[in-house]
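Please look over the sequence and the model first, and then read the report that follows.

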Amino acid sequence: MKYDFGMVGLGVMGRNFILNVADNGYTAFGLDLNQESVTALQNEGGDIAKVNASTDAKTFVENLSVPRKIMLLVPAGRAVDMVIESLLPHLNEGDLLIDGGNSYFKDTDRREKYLTDKGFHYLGVGVSGGAKGARKGPSIMPGGSASAYKYIEPIFQAVAANAKDGKPCVAYLGPRSAGNYVKMVHNGIEYGMMQLTGEIYDLLRKSADFTNDELHDIFAKWNNGRLKSFLVEITSEIFKQDDDKGDGRLIDKILDKAKQKGTGKWTSQNAMDIGIPVPTIDIAVSMREISALKSERVQADNVYDRPSVLPIDKAELVEHAEKALYFSFICAYAQGLHQLASASKEYEYDLDIATIAQIWRAGCIIRAELLEDITTAFNENEELTNLLMAPAFVDKIHGTVASVRRLVSYAVQSGIPVPGLSNSMTYFDAYTASELPLNLIQAQRDHFGSHTYERNDMEGIFHTEWGE
């Protein structure tokens, strides 16, 4: 017997994904160096004719049907290269390797060229949804050779999450590293949305002393409205979770230090490389770095006075908070999708933004009701560069922007940090300003460095000998 699909890496994600494959009518064989992981899969898989595994690479490869379809779910970086090299001696030309981890997109470009030159196929595939998504249906973002994708397409369509209209949340996105690039930006948007949600939580508890039960109710209500999304849903659940190691709710015992694995940072860095502003994502990355300075923050808090929190009506606060979060979620999506549109040209990915929004509608971490409207906006105008310019979203912004101004002003006066909300507000104000003070910056650059400038009353490039 030969198995349809191979998985290297049988941790929580890999094991759940391979079981998902088996649930959907395909046979699957796993590889892991840890015998306990192999045994766990065999026990959970039950029927050995559907799911099996080994600790030996040669045995693993020999049990797969040709052309072999092997997916890697191992940590990004050197581990991916090591696994590839361990498999190569046992593969035949025409076999397909699939990196399903969060690999840096330029590493994927390098690996694809290396393997293509040797006669193998290679796909860089973003997978979002966490462990539960891997088991029940993730959003899948494949990139690489279009012809190679055809080998794995039936399996990916079977295991992917389905949106409300029944469409699977997977689609071929483009050549080379397109899939990994889209997943990188997905994670950047995720960073932004998580930071924004955290700031709204902070405002609600510090300004009006909302209890965890009240916070649960607020977010649960929002999740039944236009803010319906995975992150708002799990946030409401978090406030109800009791501490299993003590009294009270768990959220109050968790240390305020957030970790990161790099995808948010890569999004921010690459946005600067291609000249696209993503300030909501930038500050979300920076805030995780500031959060790591816990001891310094405690010392600084003892040195500096903080203004008293201004009184505010609870109902008014909740209303402004809902509108501010909705507005800022739109800004996070707008920035990430703008980056994708620019990168598509920069790296010749030929991305379809509507398709990307469509496959994010279910399964992934940033899935939200908003993505239905985003998909429609880009389907109606394929040349749309920024979501803020879509007619339907102009109306949404008009209905929320005043609340953002009110809330950001209140937070600043009360000494409650809201960098994600304020950066979203500033991004909107700058993007929609026909005039900015950058004429002065150009004058300064020309004054000290002869860097030249353009004029608003005539064509050409100019330089002035300042002071003469």
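Which residues is Phe 17 in contact with, leaving aside its neighbours within four places in sequence? Phe 17 is in contact with Phe 5, Met 7, Met 71, Leu 73, Val 127, Ala 134, Pro 138, Ile 140, Phe 156 and Val 159, where contact means heavy atoms within 4.5 Å.

This is a predicted model, in which local features need pLDDT of at least 70 and side-chain atom pairs count only at pLDDT 80 or more, while totals for chains, interfaces and linings use all residues. Residues are numbered from 1 along each chain as its sequence is written, and side-chain values use heavy atoms, with hydrogens and water left out.

Phe 17 is found in helix α1, which covers residues 12-23; helices (H or I, at least four residues) are DSSP runs numbered from the N terminus.

The domain assignment, which is automatic or comes from a database, gives domain 1 (5-176), domain 2 (183-431) and domain 3 (437-468). The centres of domain 1 and domain 3, taken over C-alpha atoms, are separated by 55 Å.

According to UniProt, in an unreviewed entry, the feature "binding site" is placed at several residues, among them Asn 102, Asn 187, Lys 261 and His 451. These annotations may be inferred rather than shown by experiment. The annotated positions are spread over 350 residues of sequence and are also spread in space, up to 48.5 Å between C-alpha atoms.

Asn 187 has its place in helix α8 (residues 178-208) and touches Asn 102 and Thr 263, not counting residues up to four places away in sequence. Lys 261, by contrast, has its place in the loop between α10 (230-238) and α11 (263-274). The table sets out accessibility, where buried means under 20% relative accessible area, exposed over 50%, and partly exposed in between (1.4 Å probe, protein chains only).

| Residue | Relative accessible area | Class |
|---|---|---|
| Phe 17 | 0% | buried |
| Asn 187 | 6% | buried |
| Lys 261 | 82% | exposed |

Asn 187 counts as buried because its relative accessible area is 6%, whereas Lys 261 counts as exposed because its relative accessibility is 82%.

Definitions and conventions:
Helix = DSSP H or I, 4+ residues; strand = E, 2+ residues; numbered from the N terminus.
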